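Here are some notes to read with the sequence and the structure open beside you. Please take the points in order and find each residue as you go.

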Amino acid sequence: QVQLVESGGGLVQSGDSLRLSCAASGRFFRTYAMGWVRQAAGEERECVAVISGSGTNTYYAHSVKGRFTISRDNAENTMFLQMNSLKPEDTAVYYCAALPRGWYFGPPDVSEMDYWGKGTLVTVSS
C-alpha cells in the first residue's frame, strides 16, 4: 500500500550535518504521520522523530532534541530529517516509517509503524 525509499546517508565527521530524505508512494501520504527510526549495530530500534500528517505536531527523542529537525513536503510526498551537530553515537541505519493508524502526539511506539523503507546508513567518525 505504501512504499518508502530513504536517501542521504553517508560518512561524516563529528559536528557535521546531514540531511536525509524519504520518498513515499501511496494515495494517503498526506493523512499519515511519519517518523524516523534508527538502529545501531547490536542495539534496539530507537524512534528519533515523528511528524503529524499536516506537519503541525512533532516529537523528538531526548537523544536528538535540539539537533535534529523533522519536516515534510506533502506536495512532493517527501519527508526529511535535518541532522546537525552529529555525534559518533548517532551512527546507525536510519529508517523512514509510516504510522497509518494515527498518532496522538505522545512518545511513539515502533509497533505502530506499519510501513518501512530499507534504510540508509549514517556513519559519524570522531
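1. R101 forms a salt bridge with D114, the closest N and O atoms being 2.7 Å apart, where a salt bridge is a side-chain nitrogen of Lys or Arg within 4 Å of a carboxyl oxygen of Asp or Glu. The two residues, both in the loop between β9 and β10, are 13 residues apart, and the pair links distant parts of the chain. D114 is partly exposed, at 34%.

2. Before going further, please note that this is a predicted model, in which local features need pLDDT of at least 70 and side-chain atom pairs count only at pLDDT 80 or more, while totals for chains, interfaces and linings use all residues. Residues are numbered from 1 along each chain as its sequence is written, and side-chain values use heavy atoms, with hydrogens and water left out.

3. How many salt bridges does a search of the whole structure find? The search finds 5, and R38, E46, R67 and D90 are linked in a network of them. E46 is paired with R38, with the closest N and O atoms 2.9 Å apart; E46 counts as partly exposed at 28% relative accessibility, whereas R38 counts as buried at 6%.

4. D90 forms a salt bridge with R67, and their closest N and O atoms are 2.8 Å apart. Because D90 lies in the loop between β8 and β9 and R67 in the loop between β6 and β7, this pair ties together parts that are 23 residues apart in sequence. D90 is buried, at 2% relative accessibility, and R67 is also buried, at 11%.

5. The largest nonpolar core has 40 residues, of which L4, M34, W36, L81, M83 and Y94 touch the most other members; such a core is a set of buried Ala, Val, Leu, Ile, Met, Phe, Trp, Tyr and Cys residues joined through side-chain atoms within 4.5 Å. Strands that each supply at least two residues of this core include β3 (18-25), β4 (33-39) and β8 (78-83), and β9 gives the most, with 6 residues. Strands are DSSP runs of E, at least two residues long, numbered from the N terminus.

6. Leaving aside its neighbours within four places in sequence, M83 is in contact (heavy atoms within 4.5 Å) with several residues, among them L18, L20, F68, Y94 and V122.

7. The structure holds 2 aromatic pairs, meaning rings of Phe, Tyr and Trp (its six-membered ring) with centres within 6.5 Å, counted as stacked if the planes are under 30 degrees apart, edge-to-face if over 60, and tilted otherwise. The rings of Y95 and W116 have centres 6.2 Å apart and planes at 80°, so this pair is edge-to-face. Y95 lies in strand β9 and W116 in strand β10, so the pair ties together parts that are 21 residues apart in sequence. The rings of W103 and F105 have centres 5.2 Å apart and planes at 85°, so this pair is edge-to-face.

8. The charged end of R45 sits over the ring of Y95, 5.3 Å from its centre, the criterion being NZ of Lys or CZ of Arg within 6 Å of the ring centre and within 35 degrees of the ring normal. R72 lies over the face of F29, at 4.5 Å from the ring centre.

Technical notes
Buried means under 20% relative accessible area, exposed over 50%, partly exposed in between (1.4 Å probe, protein chains only). Helices (H or I, at least four residues) and strands (E, at least two) are DSSP runs, numbered from the N terminus.
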